[in-house]
Amino acid sequence: MTMAMKSLAFVLTVTLFLSLLLSMKLHKVSAYITKNVNRDSRLHSNGLIRRKRNLKPSRTAAALFLAAASANAGNECNNDAVGGKELADKIMAFQHNRKRQGMQYRIIAADEHESMAGKMEEIYPDRFTFHKTSWGKFPDGTDNIEIGGFTPHNLISGEHVLFLASFHNNDSTLSQFQVMICLLQSFIESLTVVLPYYPVGTMERVTKEGIVATAATYAHMFSSLPSCGRPTRLMVYDLHTLQNRFYLHGNSVASLHSSIPLLKERLRASNIDCVAFPDDGAAKRFAAMFQDMGMEIIVCGKTRGDGDSRNVAIQDGDAKGKHIVIVDDLVQTGGTLFECGKVLKDAGALTVNAFVAHAVFPNRSWTRFALGGDRACFDKFWVTNSIPTVTDVLPKDDVFEVLKLTQQIIDDLDLYSSS
């Protein structure tokens, strides 16, 4: 063997050895990242992450991405390009996940959501700091508000601010808009408004001139908020009409979310095997969210009766022998919900339960669904605490169970979902 051939053989051997070494190291890196992504997701979902992660910029991700690309270039004989891309995706997702979970917020809350703010700070003390606000009034009834976190030292300016809003009446709504304006004029880094229940979501159109479409006017007020350099993020849960998000423009962007994951947790621990909807609109909106659970679907709807009367009837599906939960976005007086429950029981359902994201219940109409009420047809009635002025007074030892939105909001805050 000539010297040239020996040299070539040596070079090829070294190249192969280095390629194998890089491949082994990247395999270990991939396993480490996969393990940590799964660990972080598990700890985050269980509320066990406590400390702030001091994250570096994505240089590590870039360096590992280059290493993966180099390994693929030197290991083409193994056709490993797809694996390198998957590894790079894992690396970027890992870095992005840690960066999101490490973002810190200063919390300002309406009176009604102070307990939620305190709980968020308790679960993640290194991510959330709650500053209590004084929502006072002068003798003439005008606002006398002092936002927390500004004295004796300004801890708000230059920070990401999370505002927990509750628009349960017009007076409170105006007060909270004033606080949002003040915050945005205080040189904050960003403002995220969590408004679990958007009370004007059902008033997005009119059929008579002179009627005010309050969904449009609220959208104008949000869109006219001052800019802090980036749009205000408005997080809303189970918005009644999804097109409301497009009414926002300019300085506010809607971020739409759902409380259905909270219900699904309860369903997995129950014997419920069927989901019913009071109308076709609810079915189109929510049915797809239960596909992974193998639930049977029933769709109810109103049919024309004698004269101008409308009767609720089953339009699709079979209730006989089923354990059913009726799902809708909100309940007011609950007439349609009650009629739907009664029809399902008459059709042979073994148990009938209900879930609504928003328990509006004007004039304490929830009493009719409580034990002993004239509409007490549900074995269990789940609601979220999106309207704490209502859910805080629901009886504890009754059919009602309030599902807390706190952890769901934290999770959605990190996901930056908009649909």
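These are my notebook entries on what I looked up in this structure.

**Entry 1: the whole chain**

I began with the overall picture. The model is predicted. I found 11 helices and 15 strands in the protein chain. The chain has 419 residues, and 45% of them are buried. Next I looked up the contacts between residues at least 6 apart in sequence. Of these, 69% join residues at least 24 apart.

I turned to strand S13, residues 351–359. How many of its residues are buried? Nine of the nine are, so the rest of the structure largely encloses this strand.

Then I looked for its partners. Strand S12 covers residues 323–331 and pairs with S13 in the parallel sense. I noted eight bridges for that pair. One of my spot checks was Ile324, whose bridge partner in S13 is Val352.

S13 also pairs with strand S14, residues 381–384. This pairing is parallel too, over three bridges. Here Ala354 stands opposite Phe381 of S14.

**Entry 2: the loop between S13 and S14**

I stayed in this region and looked at backbone angles. Phe361 sits in the loop between S13 and S14. Its phi is positive, near 40 degrees, and Phe361 is not a glycine. Is Phe361 buried or exposed? I count Phe361 as buried, because its relative accessibility is 3% and the cut-off for buried is under 20%.

Arg364 is in the loop between S13 and S14 as well. Arg364 has a positive phi of about 55 degrees, and it is not a glycine either.

**Entry 3: a cis peptide bond**

I looked up the bond between Thr151 and Pro152. It is a cis peptide bond, with omega about 0 degrees. Pro152 lies in a loop. That loop runs between strand S4 (143–146) and strand S5 (160–164).

**Entry 4: two serines**

I picked Ser190 first. Ser190 belongs to strand S6, residues 190–195. Its relative accessible area is 7%, so Ser190 is buried. Which side chain makes a polar contact with the side chain of Ser190? I found that of His160, at 2.7 Å. Leaving out residues up to four places away in sequence, Ser190 touches Glu159, His160, Val161, Cys228 and Arg230.

Ser166 came next. Ser166 is in the loop between S5 and H5. Ser166 is buried, because its relative accessible area is 5%. I listed its contacts, again without residues up to four places away in sequence. Among them are Ala110, Glu112 and His113. Ser172, Gln176 and Leu195 also touch Ser166.

**Entry 5: one face of helix H6**

Helix H6 spans residues 214–223. I noted its buried residues: Ala215, Tyr218, Ala219, Phe222 and Ser223. An α-helix has 3.6 residues a turn, so residues three or four places apart point the same way.

What do the buried residues of H6 pack against? I found helix H5 (170–184) and strand S6. Strand S7 (232–237) and strand S8 (252–257) are there too.

**Entry 6: helix H11**

I compared this with helix H11, residues 406–415. Seven of its 10 residues are buried, so H11 is largely enclosed by the rest of the structure. The buried ones are Thr406, Gln408, Ile409, Ile410, Asp412, Leu413 and Asp414.

**Entry 7: cysteines**

How many disulfides does a search of the whole structure find? I got zero. Cys274 is in no disulfide. The nearest cysteine sulfur to that of Cys274 belongs to Cys300, 9.3 Å away. A disulfide needs the sulfur atoms within 2.5 Å. Cys274 counts as buried, at 0% relative accessibility.

Cys377 is in no disulfide either. The nearest cysteine sulfur is that of Cys340, 9.1 Å away. Cys377 has 10% relative accessibility, so I count Cys377 as buried.

Notes. Residues are numbered from 1 along each chain as its sequence is written. This is a predicted model: local features need pLDDT of at least 70, side-chain atom pairs count only at pLDDT 80 or more; totals for chains, interfaces and linings use all residues. Side-chain values use heavy atoms; hydrogens and water are left out. Helices (H or I, at least four residues) and strands (E, at least two) are DSSP runs, numbered from the N terminus. Buried means under 20% relative accessible area, exposed over 50%, partly exposed in between (1.4 Å probe, protein chains only). A polar contact is a pair of N or O atoms within 3.5 Å; within protein, one must be able to donate a hydrogen and the other to accept it, and residues adjacent in sequence count only if both atoms are side-chain atoms. Contact means heavy atoms within 4.5 Å. Two strands pair if DSSP finds at least two bridges between them.
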